[in-house]
Amino acid sequence: MRLIVIFLLLVLSAGCAKFPGQSNSYSAFGDEALNVARVVADRLSEVYPPARTTLYIAAQEGGIDEFNSLLGECCMHLGFTVVHDPQHGAVRVLYLLDMIQGSNPLRAYVYVETDKLKLARSFNPVNFTLAANYTEQAEMDE
């Protein structure tokens with residue numbers, strides 16, 4: 001438990017930085033980022049029933065429009081309804097993409113939070129290869 005708390009503190013305390021080869025607007029995500037979006041969408045589908053769930057995907061400050069679009073497309077492919085404005089009954093999916101400062105090799109992370117799920121997953125920001133380890137807290141419906 002202590003390891004999870006320490007990891008989350010490190011992840012959440014990382015400063016804002018740009019991804020390698022990208023401007024400060026985080027533009028020009030390649031198809032490689034689709035892998036990260038798929039993992040997030042798949043995990044959401046394990047917690048929420050896609051055919052009966054509407055998602056409102058919202059980036060934290062400094063969000064990345066391209067990733068927002070990729071995540072929305074992946075969720076719709078799984079059967080979720082995705083809206084672009086908050087609606088009554090929609091599950092708010094808040095995410096953050098950021099660099100892990102001082103990491104060697106270079107690492108970034110995606111943090112996703114809903115009312116039932118908290119997920120942090122690191123990846124290589126150059127080719128978007130996911131790390132094997134992640135932290136998660138989920139509340140499953142019975």
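Leaving aside neighbours within four places in sequence, with which residues is Cys 75 in contact?

Figure 1. Cys 75 is in contact with Ala 41, Leu 44, Leu 55, Ile 57, Phe 80 and Val 82, its neighbours within four places in sequence being left aside. Cys 75 is also one of the residues with the most contacts inside the largest nonpolar core, together with Leu 44 and Leu 71. This core comprises 30 residues. Two or more residues come from each of α2, β1 (54-59), α3 (65-77), β3 (91-99), β4 and β5. Helix α2 gives the most to the core, namely seven residues.

**Figure 2. The salt bridge between Arg 43 and Glu 46.** A search of the whole structure returns one salt bridge. Its partners are Arg 43 and Glu 46, whose closest N and O atoms are 2.8 Å apart. Both residues belong to helix α2 (residues 33-47), where they are three residues apart, about one turn of the helix. Arg 43 has a relative accessibility of 13% and therefore counts as buried, the limit for that class being under 20%.

**Figure 3. Asn 35 in helix α2.** Asn 35 is found in helix α2. With a relative accessibility of 34%, Asn 35 counts as partly exposed, because this class lies between the 20% limit for buried and the 50% limit for exposed residues. Not counting residues up to four places away in sequence, Asn 35 touches Phe 128 and Leu 130. The C-alpha atoms of Asn 35 and Leu 71 are 9.8 Å apart in space, while the two residues are 36 residues apart in sequence.

**Figure 4. Thr 53 in the loop between α2 and β1.** Thr 53 lies in the loop that separates helix α2 from strand β1, and is buried, with a relative accessible area of 7%. A polar atom of the Thr 53 side chain is placed 2.6 Å from the backbone oxygen of Pro 49. When neighbours within four places in sequence are left aside, Thr 53 is in contact with Tyr 48, Phe 80, Thr 81 and Val 91.

**Figure 5. The hairpin of strands β4 and β5.** Strand β4 (residues 108-113) pairs with β5 in the antiparallel sense, over six bridges. Three residues lie between the two strands of this hairpin. Within the pairing, Tyr 111 has Ala 120 of β5 as its bridge partner. Strand β5 (residues 117-123) has six buried residues out of seven, so the strand is largely enclosed by the rest of the structure.

**Figure 6. Chain overview and prediction confidence.** The protein chain contains three helices and six strands, which follow the order α-α-β-α-β-β-β-β-β from the N terminus on. Of its 142 residues, 43% count as buried. Among contacts between residues at least 6 apart in sequence, 62% join residues at least 24 apart. The mean pLDDT of the chain is 75, and 68% of the residues reach 70 or more. The pLDDT is below 50 over residues 1-28, a stretch that has 46 contacts in the model beyond near neighbours in sequence. Where pLDDT is low, the predicted coordinates should not be read in detail.

Technical notes
Residues numbered from 1 in each chain as written. Predicted model: local features only at pLDDT ≥ 70, side-chain atom pairs only at ≥ 80, totals over all residues. Heavy atoms only, no water. Salt bridge = Lys/Arg side-chain N within 4 Å of Asp/Glu carboxyl O. Helix = DSSP H or I, 4+ residues; strand = E, 2+ residues; numbered from the N terminus. Buried < 20%, exposed > 50% of the residue type's maximum accessible area, 1.4 Å probe, protein only. Pairing = 2+ DSSP bridges. pLDDT = per-residue confidence, 0-100. Contact = heavy atoms within 4.5 Å. Core = buried A, V, L, I, M, F, W, Y, C linked by side-chain atoms within 4.5 Å. Polar contact = N/O pair within 3.5 Å; in protein donor to acceptor, adjacent residues only side chain to side chain.
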